[in-house]
Amino acid sequence: MTFWVVQALNGVSFGMLLFLLAAGLSLIFGVMKVLNLAHGSFYLLGAYLGLTVLRLTHSFLLALAAAALGVAALALLLERTVLRRIYGEELRQALLTFGVLFIIADQALWIWGGNPQTLPKPAGFTASVRLGDVIFPSYRLLVIAVGVVMGAALWWLQERTRVGAVIRAGVDDEEMARGIGVNTPLLFTAVFALGAFLAGFGGVMGGALLGVYPGADFEVLLLAFVVIIIGGLGSLKGAFVGGLLVGLIDNFGKAFFPELALFTVFAPMAAILAVRPTGLFGKA
Amino acid sequence: MRPARLVGIFAALFILAAPAFLSTYYLGLLTKMLIFALFAMSLDLLLGYTGLPSLGHVAYFGTGAYTVGLLSLRVVKTFWINALAGLAAPTLVALGFNLLTIRARGSYFLMITLALAQVLWGIAFGWRSFTGGDDGLPGIARPMLGGWSMAGEVPFHYFAVVVFGVCLWLLSVVVRSPLGRALVGIRESETRMRVLGYNVWAYQYVASILAGFFAGVAGVLFVYYNGYVGPAYLSVVVSGQALLMVILGGAGTLVGPALGAAIIVLLENFLSAYTERWLTTLGIIYVVVTLYAPRGVLGILRDRLGGGRRAAT
Amino acid sequence: MIGAGVEVERLVKNFGGLRALDGVTLRVEPGERRAIIGPNGAGKTTLFNIITGLLPPTEGRILLEGRDITGLPPHRRAQLGLGRTFQITNLFPKLSVRDNVLLAVQAADPARFTLHRPVEAYPHLFREAEALMERWGLRDRAAAPVRFLSHGEQRQVELLLALAVRPKALLLDEPAAGLSPAETAALAEIIRGLPRQTTILLIEHDMDVAFALADRVSVLHYGGVVAEGTPDAVRRDPQVGAIYLGTAAPHF
């Protein structure tokens with residue numbers, strides 16, 4: 001019984017990380033119609049930046065802020081200087097982000113080295129807590145809590161604010177949105193930066209949970225893809241539900257079939273593709 | 001296009017005569033260029049002609065390589081059996097994968113192809129007992145063909161040249177066929193094709209199977225070339241490099257990607273002697289090419305030389 | 001070749017909260033020329049998209065030659081004889097006129113799935129393409145990429161593609177869109193000259209063209225058919241006049 005609870009909590013905490021990533025990726029795709037292949041790289045960079053800031057300041061909060069904002073700033077720069085030049089050509093933009101993936105991955109390898117590293121957990125969350133029969137790392141509970149709070153904040157942003165309405169309009173029909181006066185270039189930059197912020201934020205949280213190493217960008221990008229395929233592109237709800245599902249499946253999969261790696265998430269992904277290609281909550 | 005004909009003939013002569021004046025090292029490099037040219041051309045069929053952007057093309061390359069590696073090390077050393085299996089396996093994978101992926105649009109297709117290829121990578125990496133994991137499978141011997149050993153650089157070069165030549169011929173037949181033209185039509189306007197009565201899904205599926213097959217051929221060649229196969233043969237870096245080769249050379253031209261492959265292989269070889277930052281360079285080339293030269297080298301040449309009568313494809 | 005009757009029965013199309021088609025029923029006889037008119041947003045192009053299969057209906061049926069094609073994909077409907085032109089020119093932009101026409105000619109040919117022989121091995125395809133271009137006076141533009149053609153020439157190619165597959169029923173979506181009066185007159189002549197057996201459904205904003213070419217006219221407003229009859233009858237219908245002058249109440 002304890003085993004199941006622990007594994008489930010593990011899966012949920014991992015799922016929250018995936019949610020943060022998938023939400024950003026989905027948002028960027030929903031509004032800009034660009035598949036940001038550098039999204040995992042933002043996560044990686046966030047983790048490494050957080051690591052450096054943590055080493056210097058010993059403040060997890062500062063690391064979070066610095067990493068998330070730093071990555072967002074980089075994304076902003078990227079969008080304004082480079083992505084913007086090829087608006088409207090989604091494949092080209094996706095390929096460009098693919099090039100960025102390589103650059104960031106290689107530079108990160110150069111700057112931080114090839115050894116796996118772990119971010120130290122924030123003070124107060126280094127120990128485990130007891131929940132009935134179960135002993136569970138308090139940090140993982142923090143991750144779950146943060147994920148839920150972020151999810152709620154994003155939902156509130158999307159549903160209850162003018163900014164959210166503008167974003168939703170952009171997702172539904174960009175031409176129409178432009179027609180009613182939405183400043184599309186500004187919206188795009190903001191959305192790209194927000195997505196990157198979420199990825200960088202997730203990087204720091206994930207870095208303390210799972211560590212950071214070359215290749216993490218790719219692993220995480222891929223899982224975000226699976227989340228989006230299952231949950232549906234352009235849907236916040238899809239990112240949340242998909243994230244939970246994939247987190248749980250991946251975790252239980254690793255527990256029972258460690259040698260089959262991604263195969264355990266492959267099966268539900270293939271099933272969704274076969275049965276409902278737009279995902280559980282995707283827009284057609 | 002007369003200049004192109006001349007260049008082609010010159011290139012063919014060079015490749016055939018190369019063992020006479022190239023050192024073993026550079027001959028091997030030329031052979032490697034041919035192998036990746038084939039890989040890039042197979043991707044061009046999918047991306048350049050049909051308009052399906054795949055980030056997972058390496059799946060077929062690696063499957064072909066691993067099949068040959070596993071069989072020749074563990075089961076039997078007979079070339080024909082291993083080669084046949086090495087071609088059948090990626091074709092089967094293509095038949096299966098593409099059943100799921102071909103219905104997907106643009107970005108979904110990018111994601112799904114990437115994800116599926118990574119599943120294979122994960123298996124190659126994780127299943128140590130079967131695939132050798134991260135270490136891969138070394139010690140794969142070059143084949144014996146009719147009593148002739150391909151172990152030497154020169155015989156293997158000619159072996160690769162023959163295979164490349166045959167595949168190039170087959171691919172050019174396909175792209176000039178009615179099916180090939182239909183693929184171009186699909187790339188230009190799927191809706192138009194549907195409304196004209198073409199079963200777009202069927203054409204895309206066939207194109208993807210063919211593309212997978214030829215990528216598999218390249219994989220089989222490469223595993224014999226290196227005598228080794230490892231998870232790197234299934235990595236996204238290789239997929240990414242192939243994609244760049246196609247775009248750099250000129251998508252939808254068949255020979256453009258071959259040229260792109262030659263450039264990238266040469267560049268990697270040359271730069272790796274001076275710096276470890278090959279991936280950064282690759283990334284930068286990606287960014288520059290997609291920004292400033294999306295039609296690739298051949299595209300630019302064609303524009304400069306006024307298009308020509310085959311501007312359609 | 002006999003024309004095919006086109007029927008839609010109680011067609012409904014909802015886009016989220018928007019009811020684009022509200023129970024449209026039409027019956028076009030084989031060989032009939034039917035003009036579909038109505039203000040912008042009335043649902044005309046949506047109707048065409050549903051008939052050709054690019055959009056699924058929320059409710060209702062589509063019949064071609066009495067055969068239910070509601071579940072069939074677009075390419076199957078095309079193979080059964082349904083042709084279509086698009087309001088916004090939908091050609092193969094980077095391909096030459098010749099290549100555009102070749103693709104259309106190839107579409108109906110059994111050779112279209114061959115992959116082991118070059119297309120030059122089927123000279124009849126080329127001959128037919130040349131003949132078509134000749135008949136339409138596009139021969140001297142044959143090698144030009146279609147996107148470099150004038151708008152009028154592009155609309156011609158658009159029509160040419162639809163005709164190359166010898167459809168039994170043809171859906172023309174605003175073929176005169178953006179054409180000069182001279183070009184429009186030429187187009188009208190071409191349409192009038194089409195084989196009499198071909199059933200034609202024509203969406204057109206230019207009322208003169210629509211009324212001159214049509215045997216019968218259907219008027220669409222807010223997703224429903226509000227009037228139907230001969231051009232004269234419809235022209236004199238006060239409700240139709242009111243719709244176009246903006247004084248009619250919406251059809252809820």
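1. How many helices and strands does the secondary structure of chain C come to? Nine helices and ten strands. Keep in mind that this is a predicted model.

2. Overall dimensions of chain C. The C-alpha trace spans about 60 × 40 × 35 Å along its principal axes.

3. Packing in chain C. Of its 252 residues, 46% are buried. Take the contacts with a separation of 6 or more: residues 24 or more positions apart account for 68% of them.

4. Domains of chain C. The chain is divided into two pieces. Domain 1 is made of 1–81 + 166–252, while domain 2 covers 90–165. Their centres, taken over C-alpha atoms, are separated by 26 Å. Ten residues of domain 1 and seven residues of domain 2 take part in the contact between them. On the domain 1 side, the residues that touch domain 2 divide into six nonpolar, two polar and two charged.

5. A sheet in chain C. Four strands form an open sheet in the order 2-1-4-5, and the pairing is antiparallel. Strand 2 (18–28) and strand 5 (67–68) stand at the edges. Each has a single partner strand, so one side of each is left without a neighbour in the sheet.

6. The strand 1 and strand 4 pair of chain C. Strand 1 takes residues 6–15 and strand 4 takes residues 59–64. The two pair in the antiparallel sense over five bridges.

7. Helix 1 of chain C, residues 44–52, lies across strand 1, strand 2 and strand 4. Helix 1 runs at about 115 degrees to strand 1.

8. The contact between chains B and C. Chain B gives 23 residues and chain C gives 34 residues. Which elements of chain B give two or more residues to the side that touches chain C? They are helix 7 (153–176), helix 8 (178–188) and helix 9 (190–196). Helix 8 of chain B gives the most, with seven residues. By residue class, the chain B side divides into eleven nonpolar, seven polar and five charged.

9. A reporting point on interfaces. Interface size is often given as the accessible area lost when the parts come together. The description of the contact between chains B and C above is instead in residues: 23 from chain B and 34 from chain C.

Technical notes:
Residues numbered from 1 in each chain as written. Chains lettered and ligands numbered in written order. Predicted model: local features only at pLDDT ≥ 70, side-chain atom pairs only at ≥ 80, totals over all residues. Contact = placed C-beta atoms within 7 Å. Nonpolar A, V, L, I, M, F, W, Y, C, P; charged D, E, K, R; others polar. Buried ≥ 20, exposed ≤ 12 C-beta atoms within 10 Å, placed from the backbone. Pairing = 2+ DSSP bridges. Axes fitted to C-alpha atoms, helices over the stretch in contact; angles between N-to-C directions. Domains from an automatic or database assignment.
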